[in-house]
Number of protein chains: 2
Amino acid sequence: MSAVSLIRAAVLIIGDELLSGRTQDTNLRTIANFLAPLGIQVAEARVVSDAPEDIAAAVNALRAAYAYVFTTGGIGPTHDDKTADAIAAAFGVPIGVRDDARAILAAHYGAHTELNEARLRMARIPEGATLIANPVSKAPGFQLGNVFVMAGVPSIMRAMLEDVAPRLERGAVVQSVTVRAAGLREGDLAAPLEALQRAEPAVSFGSYPWYAPPDGFGVHLVARSPDAAALARGQAGLLALAQDLGVQGEVQA
Amino acid sequence: MSAVSLIRAAVLIIGDELLSGRTQDTNLRTIANFLAPLGIQVAEARVVSDAPEDIAAAVNALRAAYAYVFTTGGIGPTHDDKTADAIAAAFGVPIGVRDDARAILAAHYGAHTELNEARLRMARIPEGATLIANPVSKAPGFQLGNVFVMAGVPSIMRAMLEDVAPRLERGAVVQSVTVRAAGLREGDLAAPLEALQRAEPAVSFGSYPWYAPPDGFGVHLVARSPDAAALARGQAGLLALAQDLGVQGEVQA
């Protein structure tokens, strides 16, 4: 195993629209794929409604359990955007319109659009927070302690991650390899795969069946590890496993 | 408000591959859209790793807080499929291969495929559970108390829901309407939308901006309620709101 430690994070996805089935979340996957090369593993995710007490309870549970918490959603100008106030409540700190956030919005809207009360809601920042830049639509996110509060719109959330990255401690990077084995069945590979798992405890092996009707099927065999040498042995083991079962495994990019 | 009560459920998505960014979950949305017409609202979702202690802790937290819990993933034949044992541990009941589940697998695999130890893992059912039929690949899910344990493969999970539905109590159905308003900005509609929310407390209003670069933008205004009359007033209110701001709202199917 690497001497660098693993860093575990949580993602909190906020919004009634994710729970009602209206909207398909993609932010969890984007965040996981962004953090992985930094050596930060997403270890849990939750999806909660816009109810402030649900948001606050989840934030407090997750920030105590993980190195970082990344939230998405609920920081816009409308009445159903309750994340900033809920985060302030979770931390027990005051919240109000902050001058630097107001200046960002004023510069963005200029003389043509009124910086009305609704838009000023987006300048409400909990005391002690630092802003997260939003190069897309300007209204900032913020960091409070180990919690990073970002927009829900995927393109804005993705842009905010760029400003977040330099603030994060880097851990051991978990690399992965995938071996595609067409025609292999999980019920046939389970025993040798479990033996391989026992032989390589520094590697985490997973098996994911796929189906391509009418006739195609197979498995993706995944090995994950922060230890490059162990991962290489894991990949070799997966290819050998497939070959022993009469199938030519294919390493995927 | 309807006299029929609201029924709240949770979804628990299980698997390292969802947290690593390898796989995009779609089961949450499928479950939410399946349950909504039955009068069951998904009120929270969690995504956890394959670690049995994470699965058991989440199941115990959610089954105490919600009427139903629906889990997906981790019930296949390989060593990383740990859900059934974790659920048994969460409930404090024994688990073992059950005759009826074994018979289903034996009939499916027939004389040509060995019902080996790995495949028999899929017949391990916690004591006191009832099976959930799997018309796709036969290996059953199970129900234990208010927890429904289903496959992670989306097509199999979706098929299992059909066997689950008749077991569920029906609650008040929350209907929704969406008004699309091109050219409207959230900062301009926030105040009248909040006034509408105050005037119609039995309706939950949400606002979701959309962008279609280079020039297109607007909002989807959503009203949700179990009360049909209130929802109709909510829809009329949203159309009037858009008109007052100089935009023709469009009711979406």
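The model is predicted, so local features need pLDDT of at least 70 and side-chain atom pairs count only at pLDDT 80 or more, while totals for chains, interfaces and linings use all residues. Residues are numbered from 1 along each chain as its sequence is written, and side-chain values use heavy atoms, leaving out hydrogens and water.

- In helix α5 (residues 99–109) of chain B, the buried residues are B:Ala101, B:Leu105 and B:Tyr109.
- These cover an arc of only 60° around the axis, which puts them on the same side of α5(B).
- The face of α5(B) turned away from that buried side carries B:Asp99 and B:Ala107, both exposed (over 50% relative accessible area).

**Where chain B meets chain A**

- The contact (heavy atoms within 4.5 Å) takes 51 residues from chain B and 51 residues from chain A.
- B:Leu19, B:Arg22 and B:His79 supply 16% of the area that chain B buries against chain A, more than any other three residues; buried area is the accessible area (1.4 Å probe) that two parts lose on being put together, summed over both.
- Across this interface there are 2 salt bridges (a side-chain nitrogen of Lys or Arg within 4 Å of a carboxyl oxygen of Asp or Glu).
- A:Asp188 forms a salt bridge with B:Arg119, with the closest N and O atoms 3.1 Å apart.

Conventions:
Chains lettered and ligands numbered in written order. Buried < 20%, exposed > 50% of the residue type's maximum accessible area, 1.4 Å probe, protein only. Helix = DSSP H or I, 4+ residues; strand = E, 2+ residues; numbered from the N terminus. Arc of directions from axis to C-beta.
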